[in-house]
Amino acid sequence: MNGPAHLLVVEDEKNVGETLAERLQAAGYRVTLVATAARARQAWRTAAPQLALLDVGLPDGNGFDLAAELRAAVPQTAVVFLTAHGNPEERVRGLELGADDYLTKPFHFRELLLRIQNCLKRAQDLAEVPQEMRGVARIGRARVDFERFSAEVDGVSHALTHKECAVLRLLASRAGKAVSRDEILDKAWSADEFPTSRTVDNFIVRLRKLVEPDADEARVIRSIRGVGYLLTEVTHE
Amino acid sequence: MNNKAGKGSLSVMPARRARLFAALAALWILLVLVLGAGWVMLLISQAHQISELQALTGSADSTVTAQWASTHRRVVGESAVFLLLLLAVSALLAWLYWRESLRARAMQAFFAAVTHELRTPLTSIRLQAEAIAEGDQRVELARRLLEDSNRLESQIDKTLELARIEGGGPLAEQSVPLQDWLRRTASAIAATHGARVDLQVEAAAGLPPVLADAAAVQMILRNLVENSVRHAQLERVQVGLHAQRRGEQVLLEYRDNGAGCAVRGPELGRLFGRGAASGGSGVGLYLVRALMERMGGRAEFHSSPGNGFRAELSFVASQEAPP
């Protein structure tokens, strides 16, 4: 990574946004602060950020939709939601939409800094695609490009979230061998997150929707009872 | 601005109570159905008995069968009335259940909104406090702290006032000289928002005093100004207050130059009503309307995209001299 990491802060509460931006700048980051979804779109078109801190409630939209747009436009950007709504349903929704992390207000700034560092580290690891994973890999009916965080299915391109990409990459790197749920959790989630094995299962359900030719029969990503999952086929084009 | 969602009150139906209510309603409907089936069987049985009696006596117009037929008709009539009554009570129960469910949902939304409204300034306060603890001594941080603590205070006041109003709490109405009061209080309210509000007060000469609770009028103006600051989408919002006599009433017109919204007037000010992308707890404008009505006056709200927000507050003119 050259120079300070670029963070996009999308926060409509003036005092929170300004103080957050000042403190992040003091911590050594380059910060772009915007208060609306429209300004956020302009900002990432001008300069793609490495990480976006998104407030969920915005005056001209919501952070969840904005995260999906950001994912499609700049797949490399890590997304962290900052929200005053701490109910579990919203948290799950945020994480399922591909958020790399989700922090409930009020938070400790040092905790936020730690989460940002972890997310940036993970994003950097994902950006460094090993030689054998470069190019397009055919997994089931999907053509997956790990460098671009995208999967093409029946001519339609889908943006992969960082975690989807991490899980799929792990399974692809061990194709033909079973990978335990614990190992998936260990590799794709950081130590300060507290997911369950069920979280992995939810990600697998979503990945199957992309890669399985037959939605009713999982042949590409098979469940191995009591162990985890096994990717049966991957061919590099 | 406040919009959408239904009007409700502070009565909450907890989940356990709602389940009990649903179980009782189901039992009631079952009872109605069993009674209905019982009556139908009784009527059929009676009809059979009449037929058998007619066959035994060999005459259709004998006194006994005529009396049986009369009794049968009376039982049919009574059964129909009683069943209709039961069905009406069932419909009432169903309606009550539906209304309580709506209220419970509105309350849930309200608590979520209030939590949001408390957590946001708390986040800001914690960020400023952490910065100060680490040696940042900028005056700007103190200004933000004050602003956030004002916001917290206002939210708590609104919630308490809502509980008081819904609980039928009294107002201390007296003769208030609106003209002088506006100049002092409205300016002080605007001052709490610093450079974000530019407030102009204009009052017609010879304005009579109004019958009002001064604390309630203060809350009304504070809520209106907060609403403008929150929704105007401007760095500095211009607010105009214009008071004039209209018959036996004093009309106070409040107007801002904000972005406005497409919500119809009657929808604005509904309790717990909030726009999808709008902040707030959905209480501010409701309190304005409720307090005005409690003082014998009226509040009407108007807004349209690009034309800002306007409120017309009608106070009852007082015949007494101010204390």
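Let me start with a term: helices (H or I, at least four residues) and strands (E, at least two) are DSSP runs, numbered from the N terminus. Axes are lines fitted to C-alpha atoms, for helices over the stretch in contact, and angles run from 0 to 180 degrees between N-to-C directions.

This is a predicted model, where local features need pLDDT of at least 70, side-chain atom pairs count only at pLDDT 80 or more, and totals for chains, interfaces and linings use all residues. Residues are numbered from 1 along each chain as its sequence is written, while chains are lettered from A and ligands numbered from 1 in the order in which they are written.

Now, two helices of chain A. The axes of α2 (residues 37-46) and α3 (residues 63-73) of chain A come within 11 Å and cross at roughly 15°. Therefore α2(A) and α3(A) are roughly parallel, a label for angles under 35 degrees. From α2(A), the contact uses Ala37(A), Ala40(A), Arg41(A) and Trp44(A). From α3(A) come Leu66(A), Glu69(A), Leu70(A) and Ala73(A). Contact here puts C-beta atoms, placed from the backbone, within 7 Å.

Next, the two chains. Their contact takes 17 residues from chain A and 19 from chain B. On chain A's side, α1(A) gives the largest share, five residues.

Last, the cores. A nonpolar core joins buried Ala, Val, Leu, Ile, Met, Phe, Trp, Tyr and Cys residues through C-beta atoms within 7 Å. Buried means 20 or more other C-beta atoms within 10 Å of the residue's own. The largest core has 45 residues. Helix α5 (residues 214-231) of chain B supplies its largest share, eight residues. Apart from it lies another core, of 37 residues, including Leu24(A) and Cys119(A).

Technical notes:
Contact = placed C-beta atoms within 7 Å. Parallel < 35°, antiparallel > 145°, perpendicular 65-115°, else oblique. Buried ≥ 20, exposed ≤ 12 C-beta atoms within 10 Å, placed from the backbone.
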